[in-house]
Amino acid sequence: MDKAKTVAEADLARINEIVAEYSQQKWALIPLVQKIQSEFGYIPPQSILIIARALGLYPCQVQGVISFYSQLYTEPRGKKIVRVCRGTACHVRGGKTILKLVNQHLGIEEGQTTPDWEYTLETVACIGVCALAPNIVVGDRVYGHMNPKSVEQLFKKDKE
Ligand code: FES
C-alpha cells in the first residue's frame with residue numbers, strides 16, 4: 001500500500017497542530033516543513049495545501065521550496081537510510097561491488113525502499129573518510145573498509 005496516499009486522519013490532525021504553531025509566518029516555511037519531516041520521515045503531500053493556507057502562500061510556492069532542497073522528501077522513506085559512497089577513493093577500492101552486494105542483501109536498487117519500510121538505499125559522493133574506503137553509512141554511522149563479508153555481517157546483524 002502506498003503510504004504517501006494514506007496519511008491517517010490522526011496524522012492530518014497532527015500536521016494541522018504543527019502548522020498552527022507557524023500560522024501566518026511566511027518566514028517559517030523551512031523550519032515548518034523540517035519539523036513535519038522530522039516527525040513523519042517525509043512531508044506528506046496532503047500537508048502542502050494546509051501549509052500554504054496557514055502561511056498565506058500559494059501551494060506551488062510551498063511545493064517549489066520543497067522540490068528545491070534535496071534533503072526534503074514528499075515520499076515516505078525507510079527507517080534507516082543506507083548510503084553507499086561512490087566517491088573516487090571508494091570506487092577504486094571496490095565501491096561498485098559493495099553497492100551491488102548491498103542491492104542483493106536488501107533486494108532494492110538505488111533510490112528504492114524495502115517493502116517493510118526498514119531501509120532506503122542511496123549513493124552519495126565522498127563522505128570525507130576516504131582512508132576507510134570503501135564506505136557505507138547507515139543512519140549516522142559510518143562503516144569503513146567494507147568487503148563482501150562485512151556487508152553480509154552488517155545486514156545480518158541488523159536483521160537479528
Ligand atoms: S570517496 Fe568514499 S569517503 Fe571519500
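**Strand pairing and helix packing in a predicted model**

Biologist: Which residue in S3 stands opposite Val 82?

Modeller: In this predicted model, strand S1 spans residues 80-85 and strand S3 residues 136-138, and the two pair in the antiparallel sense over three bridges. Two strands are taken to pair if DSSP finds at least two bridges between them; strands (E, at least two residues) and helices (H or I, at least four) are DSSP runs numbered from the N terminus. The residue of S3 opposite Val 82 is Val 138.

Biologist: What is the bridge partner of Arg 83 in S2?

Modeller: S1 and S2 run parallel and are joined by six bridges. Five of the six residues of S2 are buried, that is, under 20% relative accessible area with a 1.4 Å probe and protein chains only (exposed is over 50%, partly exposed in between). The partner of Arg 83 in S2 is Glu 122.

Biologist: Which strands stand at the edges of the sheet?

Modeller: The sheet is open, with four strands in the order S2-S1-S3-S4 and mixed pairing. Two of these strands have a single partner each, so one side of each lacks a neighbour in the sheet. They are S2 (119-124) and S4 (141-143).

Biologist: At what angle do H2 and H3 pack?

Modeller: The axes of H2 and helix H3 (residues 47-55) lie 12 Å apart; axes are lines fitted to C-alpha atoms, for helices over the stretch in contact, and angles run from 0 to 180 degrees between N-to-C directions. Leu 29, Leu 32, Val 33 and Ile 36 of H2 meet Ser 47, Ile 51 and Leu 55 of H3, a contact being heavy atoms within 4.5 Å. The packing angle is about 150 degrees.

Biologist: Is Gln 37 buried or exposed?

Modeller: Gln 37 lies in helix H2 (residues 29-40). Leaving aside residues up to four places away in sequence, Gln 37 touches Tyr 42, Ile 43, Gln 71, Leu 72 and Tyr 73. Because its relative accessibility is 14%, Gln 37 counts as buried.

How values were computed: Residues numbered from 1 in each chain as written. Predicted model: local features only at pLDDT ≥ 70, side-chain atom pairs only at ≥ 80, totals over all residues. Heavy atoms only, no water.
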